[in-house]
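User: Hi! I'm new to this one and would like a friendly tour. Can we start once it's on screen?

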Amino acid sequence: MEGESDSENVKKQKRGQNVIVLTGAAAVVALAINLAISAVKWRRSRKKGLPGSTVRVNLSENGILKLAERIIAKSKEVHDAVVSVPLDKVTYKNVISPLAELEAEQFPLVQSCVFPKLVSTSDSVRKASAEAERRIDAHILSCSKREDVYRVVKAFAARGEWLGPEAKRFVQSLIRDFEQNGLNLTVTKREEVQRLRSQIDELSLQYIQNLNDDSTSLLFSELELAGLPIEFLKSLEKVENGMFKVTLKSHHVAAVLELCKVGKTRRLVAVAYGKRCGAVNLSILEDLVQARHKFARLLGYSNYADYALDPRMAKTSSKVFEFLEDISASLTDLATRELSILKDLKRREEGELPFGVEDLLYYAKKVQEQQFDLDVGALKQYFPVNLVLSGIFKIFQDLFGLRFEEITGADIWHFDVRVFSCFDLTSGELLGYFYIDLYRREGKYGHTCVVALENGAVGLNGARQIAVALLISQFEKDICAVPGLLRFSEVVNLFHEFSHVVQHVCNRASFARFSGLRIDPDFLEIPALLLENWCYESFSLKLISGFHQDITKPIKDEVCDSLKRWRNSFSALKFKQEVLYCLFDQIIHSAEDVDIVELFKHLHPKVMLGLPMLEGMNPASCFPRCAIGYEATCYSRIWSEVFAADIFASKFRDGLLNQYVGMQFRKKVLAPGGAKEPVEILSDFLGREPSIQAFVDSKIDNL
């Protein structure tokens with residue numbers, strides 16, 4: 001779908017001005033009637049599937065569970081057939097090809113069972129979807145422990161009869177998955193691996209449960225909460241003597257640290273937050289790290305970090321340490337200047353009280369308010385949902401040589417859902433489909449994300465399986481003549497996630513395992529973080545913005561310039577703080593018998609320019625990512641952002657819609673996906689190895 005021209009938008013706006021604007025109960029009734037009419041039309045319309053796709057939408061709860069049973073039965077059948085092949089008769093055709101075909105064929109069917117839990121309007125369907133996921137996950141886990149399948153795959157690998165580099169990579173990936181479950185070990189060691197894995201899972205869940213269950217709160221007077229907006233104060237529980245209860249949940253803590261004028265209050269909240277769950281979670285984290293090291297050693301690694309990094313772009317903990325230390329050292333001068341500015345401001349406002357980490361957010365925001373005439377909240381008036389989406393479509397089509405076409409009458413699960421096909425602009429080849437489910441409703445997943453529904457792959461007959469993606473969000477809908485408006489952060493998030501949609505449909509890997517979003521996590525976010533840059537450039541901002549009462553008036557040039565400078569203001573200090581946590585995570589997972597509290601106490605002033613750790617702070621309380629979800633891999637976000645900055649500065653900064661460069665990126669970076677090593681992919685596109693220098697320069701240039 002091409003971006004609409006200004007004249008077309010003006011016509012639509014004039015038509016919208018003829019609508020009678022209703023308020024109060026009348027508006028609610030009118031909206032309900034319109035929704036009901038739309039729903040009836042949607043249900044009565046004849047639905048059609050997407051040609052070439054096997055994704056199924058609108059399955060009933062029984063349909064979901066029956067499909068899950070068929071998926072499991074088919075998987076067992078194929079695996080049993082593979083292991084029936086004598087070890088001296090193994091070939092690509094009778095061992096590897098059936099497993100690759102099974103992955104490609106079953107992924108969209110599995111997703112057909114699983115994705116309804118995120119979007120279905122039916123509670124019973126969502127429950128059936130969650131149950132189907134549980135059963136399928138249990139089956140996949142059992143398959144990963146099948147020693148008989150492992151032996152057959154190893155027998156084929158030993159023959160060395162590869163059909164090509166991607167096929168070799170696929171076989172190596174299969175073997176690595178089996179061996180990370182201990183199938184290359186003795187039975188005794190394998191049982192110990194499974195015991196440790198269960199222990200790690202239990203400890204991780206207990207750690208998070210403790211944080212979730214924490215009900216600690218602090219009481220403050222209205223005077224002690226000076227600076228916080230009245231809406232926030234109204235949201236707080238009020239207790240006797242007119243005191244306000246502030247919990248240690250992240251949204252309360254962030255608001256106080258960023259907005260409260262009272263330094264003592266900020267410090268009390270920061271200290272309390274840093275002590276959550278105290279000794280209990282510190283003990284759990286210590287046990288977790290010890291269990292992870294034992295687990296990694298059983299699998300042949302020297303420590304847990306090397307186990308976690310082995311399949312990733314970074315490869316080794318030494319490489320991660322070098323990367324983090326280079327970034328930290330390169331930002332030290334800039335961060336020192338930023339900190340000096342903040343200290344001066346605090347001295348003017350609070351006298352000679354020492355500056356602490358609890359002051360960073362508050363004074364950074366104060367300086368930003370003084371330096372930039374920018375009301376980020378008011379910007380939403382320039383970002384109507386449909387206009388933003390239209391502008392995003394135009395940018396991606398023009399940059400990457402694509403054509404999006406909306407499909408009418410497709411089978412969908414809610415009448416708000418829209419479906420598009422994606423074609424190569426030159427050849428007209430169908431690359432894939434994507435669903436967009438943007439608006440808030442009860443029971444729907446609460447965040448913006450992209451779900452791969454079907455991965456591209458090449459079958460035995462040479463035909464290509466079509467990629468299908470789903471973009472989910474929770475935006476406000478248009479109500480009568482009032483359009484749904486996006487905060488600027490939501491615009492950036494939508495741009496980021498739509499980048500993943502394009503990344504998915506543009507992938508041309510031959511194996512489903514390497515297709516779409518199933519790629520190295522160190523590499524996965526690089527394209528989306530690269531494309532976020534378009535949200536801060538005047539040319540592209542004007543394509544996705546327009547005042548909601550007159551969309552021919554885009555955001556002003558000076559606002560665009562302020563947004564770009566605001567993005568990087570005090571970013572060196574922010575990154576130094578992130579590097580601190582990443583170094584902490586990497587050290588505890590690459591060395592044993594580390595005193596976790598003493599380590600953090602030592603690292604904090606070293607990285608944070610002399611700022612000490614808050615007294616009594618427990619690193620296990622304030623940094624849960626190293627306990628579950630990102631253990632030994634917390635660096636990955638910075639890694640991706642740094643190399644995205646390198647690509648933007650080297651290739652796109654001087655040509656935001658340079659289709660030649662865009663097509664090179666599509667072919668050399670998006671198309672291979674996981675079929676090649678990420679460093680090889682980026683080096684091929686850049687003409688050299690990726691560097692951190694462009695990232696550092698981007699921070700210095702905006703000082």
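Predicted model: local features only at pLDDT ≥ 70, side-chain atom pairs only at ≥ 80, totals over all residues.

User: Thanks! Is Ala 632 buried or exposed?

Analyst: Ala 632 has a relative accessible area of 0%, so it counts as buried. Its place is the loop between helix H25 (619–622) and helix H26 (636–652). Helices here are DSSP runs (H or I, at least four residues), numbered from the N terminus.

User: What is phi of Ala 632?

Analyst: Positive, at about 70 degrees, although Ala 632 is not a glycine. Most residues other than glycine have a negative phi.

User: And where is Lys 315?

Analyst: Lys 315 sits in the loop between helix H14 (304–309) and helix H15 (317–350). Its phi is also a positive value, near 75 degrees. With 34% relative accessibility, Lys 315 counts as partly exposed.

User: New topic: how do H11 and H16 cross?

Analyst: The axes of H11 (residues 250–259) and H16 (residues 360–371) come within 6 Å and cross at roughly 55 degrees. Axes are lines fitted to C-alpha atoms, for helices over the stretch in contact, and angles run from 0 to 180 degrees between N-to-C directions. H11 and H16 are therefore oblique to each other; under 35 degrees would count as roughly parallel, over 145 as roughly antiparallel, 65 to 115 as roughly perpendicular, and the rest as oblique.

User: Which residues meet there?

Analyst: Leu 257, Glu 258 and Leu 259 of H11 meet Leu 361, Tyr 362 and Lys 365 of H16, where contact means heavy atoms within 4.5 Å.

User: Last one: which residues have the most contacts inside the largest nonpolar core?

Analyst: They are Phe 383, Phe 434, Phe 498, Trp 534 and Phe 652, in a core of 166 residues. A nonpolar core is a set of buried Ala, Val, Leu, Ile, Met, Phe, Trp, Tyr and Cys residues joined through side-chain atoms within 4.5 Å. Leaving out residues up to four places away in sequence, Phe 652 touches Leu 399, Leu 530, Trp 534, Ile 647, Val 661, Gly 662, Phe 665 and Phe 685. There is also a second, separate core of 26 residues, including Ala 100, Phe 178, Phe 511 and Ala 675.

Methods
Residues numbered from 1 in each chain as written. Heavy atoms only, no water. Helix = DSSP H or I, 4+ residues; strand = E, 2+ residues; numbered from the N terminus. Buried < 20%, exposed > 50% of the residue type's maximum accessible area, 1.4 Å probe, protein only.
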